[in-house]
Number of protein chains: 2
Amino acid sequence: MTEIAQNSLLSEPTAALMARRVATIGPHSPLFYNTPLELVRGEGAWLTDAQGRTYLDGYNNVPHVGHANPVVADAVNRQLRTINLHTRYLNHMVVDYAEALLDTFNGELDRLFLVNSGSEANELALRIARQHTGNRGILVSDFSYHGNTSSLAELTTGLEVHEEFGSHVRAVRIPDATGMDAQSAMALRDRALAEVDAAIASLQEAGHGISASLLDPIFSTEGLLNVPSGYIEGLAQRVQAAGGLFIADEVQSGFGRLGNHMWGHQLYAIKPDLVTLGKPMGNGHPIGAVITTEALLDEFGGRNMYFNTFAGSPVSSAAGLAVLGEMRERQLMTHARATGEFIADAMREIAKSSPLIGAVRGQGLFFGYDIVRPEAPGQPHPVAAKQLIELMKDKGVLISRIGRDDNVLKMRPPMVIEREQAQLLVDRLAESVAEITSGLS
Amino acid sequence: MTEIAQNSLLSEPTAALMARRVATIGPHSPLFYNTPLELVRGEGAWLTDAQGRTYLDGYNNVPHVGHANPVVADAVNRQLRTINLHTRYLNHMVVDYAEALLDTFNGELDRLFLVNSGSEANELALRIARQHTGNRGILVSDFSYHGNTSSLAELTTGLEVHEEFGSHVRAVRIPDATGMDAQSAMALRDRALAEVDAAIASLQEAGHGISASLLDPIFSTEGLLNVPSGYIEGLAQRVQAAGGLFIADEVQSGFGRLGNHMWGHQLYAIKPDLVTLGKPMGNGHPIGAVITTEALLDEFGGRNMYFNTFAGSPVSSAAGLAVLGEMRERQLMTHARATGEFIADAMREIAKSSPLIGAVRGQGLFFGYDIVRPEAPGQPHPVAAKQLIELMKDKGVLISRIGRDDNVLKMRPPMVIEREQAQLLVDRLAESVAEITSGLS
């Protein structure tokens, strides 16, 4: 998920900044790249470092409608100069934003809680689920991450936490049908659903019952899995039949990123009870949300004095509204689909040219590239993945990697990436793959 | 803490807004006042409602350096138009802010984690404490609130939550020596410290041990208690001697609000292990922090891949820096002390005029007024407190109430309140007290 930084190649001013950083926020706060990058300016999908070098951002989803987006800046600035208070006084901004956001859910889910981050959203969703069901059990994927609080640390398997894995949590292996024929995929699905049955039964036998499943619909941390058709529907059916709630963690899959749908759960024939939002929601302004039904909101609201000081403020709402406005005005979901197809086509061509590339994963503007051992196809090659990321950076394009084997290239540019920039991304990718491949022999 | 809203007296447009609000964020999201107030504009300590009426803000601490502060707006706007990214790339803003903030801690605590809210700060502080001690037990005050996550709900006693009180939590009654002579106060302190001893022993006997005490140094939710001299020192000594950490929740007491000190824990001869920050930190921009030692940061950072997407961004850091800059430029802590003394003197005069007023509480720019039964001095009178708050609103001044009996008037204006505004506040308070008092007979 992140790389460990080395200081040796930093310029003198950047090394000085690094030393001051270590002396304040400490040496463990993660940094990308062997030689950390000091970024000082952004515009659209471009970023500029302290030495004046320009990079194409092929990684960051938080600046959804572009780095330094002036429409978002104007909206925030205007509101900051007007009023910014909590929701215990009335103000139209939070209502305007809530309506605009709920409009994208087609009436299936029509109430929301606003919070300040994806972690706060998943925390609240789990509180709602535990209280609704009276159960404690939770079903997650066995290589996942949903936030940094205590109760989310207890169900974290996708990165290092010191907390013990919760006795009330079951992690199931999400099936990946990449490269399989239909029959094998169905067999895999059925085996994986049997694992879901066993996990639910185990929670029930242990006396925890099941309060919820908590899953990212596109399994980003896991490496952008290709789940067999019917698996998610089968899982949701089983969880809901056992009395649990289905929580879709759309911190990464939401806001049109996937091109065909505003929300990742719409890939499947399911009805989530709770959808959690974060990262791109305010283009970097700290906002998150839990989208739910009137019944669940009413139940939780009636039993708890839930208040969140910062959330739903006029400024946070203005940032969220500006993001939705930019998406609509610039038709960014349609753009993500078209640009995403262009990139994916090119990636499939590049894959044919090198034994380093296994599967091409993802959809819309969210891509993964399995980097595998040429001598042992199918075997992950994290070292080559790391080399590719560093080489791409040297060529002026920022990407990263994910997956349980740290071998899946992760490409997820701001939604405003232009066609010429997409061309640059795939050109640099083709060059990098060719260079690393030729170095193999 | 909050009032239940009634709709009957709303103007037609405000009633329409209220209906849209209920249909999106729901009917339970708390609102102040019998007739909720729709606020549309702010400047300094002034607020304006939708009907164009102006109010003096005697309540809000989040807009620390004033509503619609142009210095904060400029700083945020400039940074939004430059770059806003997470801390996995280097940027000087987070380091500049971290240094400026840590400078206010006089070297005792010299590292920090940045987060997005007070809830996230207390969550993280408890994770650090549990991991450091290997214990689960927590000591809190028996009428307190520290945030809205699952593990904070389990230790909440100051407002309604549906979660059961944690078996690993002990809530002690914080002693209030208001009106006592020195000898009685010392006896009260000793009894209260015996209760602390018993709580720690009980956690140890139950096998939880003690990971931390989590306390607001000025006990705001509890009603601004006057703790007997030596009590906090005795509690901290006992917790730390038992291996636990002392967490000062400075979400309300911090940032110079108390006039004499930048931080509330500096009222006492103690050294907290962790200090948590929130509300006023970004003048409404969602920021929080955990301030700690190098040793605790290193231990936690080495064991956990802790990352927080929004926290420490250049924009959040710019907002935080602008708040510290405004405090310094305008000498707001000194101003809080002087203006606070002026208000407190006036409050003591008013108190003499009415049997409704019991103790005058607080310090700096944070005041409490015990509202008591004239026929039974010392008995709380929440109905009269509520009447006073509504009457103050009718007279154009916003305040609220706190305390286990909901009878302590809470006054906590933005730090920029001017002398003339302070005069207006006490004039309206005198009138309101006189009117309610005369209505008693």
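User: Is A:Asn106 buried or exposed?

Analyst: Relative accessible area decides it: under 20% is buried, over 50% is exposed, and partly exposed lies in between, with a 1.4 Å probe and protein chains only. A:Asn106 has 59% relative accessibility, so A:Asn106 counts as exposed. This is a predicted model, in which local features need pLDDT of at least 70 and side-chain atom pairs count only at pLDDT 80 or more, while totals for chains, interfaces and linings use all residues. Residues are numbered from 1 along each chain as its sequence is written, chains are lettered from A and ligands numbered from 1 in the order in which they are written, and side-chain values use heavy atoms, with hydrogens and water left out.

User: Where does A:Asn106 lie, and what is its phi?

Analyst: Most residues other than glycine have a negative phi. A:Asn106 is not a glycine, yet its phi is positive, about 55°. A:Asn106 lies in the loop between α3 and β4 of chain A. Helices (H or I, at least four residues) and strands (E, at least two) are DSSP runs, numbered from the N terminus.

User: How many residues does the contact take from chain A and chain B?

Analyst: Contact means heavy atoms within 4.5 Å. Chain A gives 98 residues and chain B gives 98 residues. The size of an interface is often given as the accessible area lost when the parts come together. Here the buried area (the accessible area, 1.4 Å probe, that two parts lose on being put together, summed over both) is about 8800 Å², with 57% of it on carbon and sulfur atoms. A:Arg88, A:Leu90 and A:Phe310 supply 10% of the area that chain A buries against chain B, more than any other three residues.

User: How many residue pairs are in polar contact across the interface of chain A and chain B?

Analyst: A polar contact is a pair of N or O atoms within 3.5 Å; within protein, one must be able to donate a hydrogen and the other to accept it, and residues adjacent in sequence count only if both atoms are side-chain atoms. Across the interface there are 52 such residue pairs, both residues at pLDDT 80 or more. By class, the side of chain A that touches chain B has 43 nonpolar, 35 polar and 20 charged residues. In that scheme Ala, Val, Leu, Ile, Met, Phe, Trp, Tyr, Cys and Pro count as nonpolar, Asp, Glu, Lys and Arg as charged, and the others, Gly among them, as polar.

User: What joins the side chains of A:Asn60 and B:His86?

Analyst: A polar contact of 2.8 Å joins them. A:Asn60 is in the loop between β3 (54-57) and α2 of chain A, and at 2% relative accessibility A:Asn60 counts as buried. Leaving out residues up to four places away in sequence, A:Asn60 touches residues of both chains, including A:Arg257, A:Arg412, B:Leu85 and B:Tyr89.

User: How many salt bridges are there between chain A and chain B?

Analyst: Side chains of opposite charge can pair when their charged atoms come close. A salt bridge is a side-chain nitrogen of Lys or Arg within 4 Å of a carboxyl oxygen of Asp or Glu. Between chain A and chain B the count is 8, and over all chains the structure holds 38. One of those between the chains links A:Glu163 and B:Arg127, with the closest N and O atoms 2.8 Å apart.

User: Which residue forms a salt bridge with A:Asp176?

Analyst: The partner is A:Arg361, with the closest N and O atoms 2.7 Å apart. This pair links distant parts of the chain, 185 residues apart: A:Asp176 is in the loop between β6 (169-172) and α6 (182-205), and A:Arg361 is in strand β11 (residues 357-363). A:Asp176 is partly exposed at 25%, whereas A:Arg361 is buried at 6%. A:Arg361 also meets A:Asp370 in a salt bridge (2.7 Å, N to O), and A:Asp370 is buried at 12%. Elsewhere, A:Lys395, A:Arg428, A:Glu431 and A:Glu435 are linked in a network of salt bridges.
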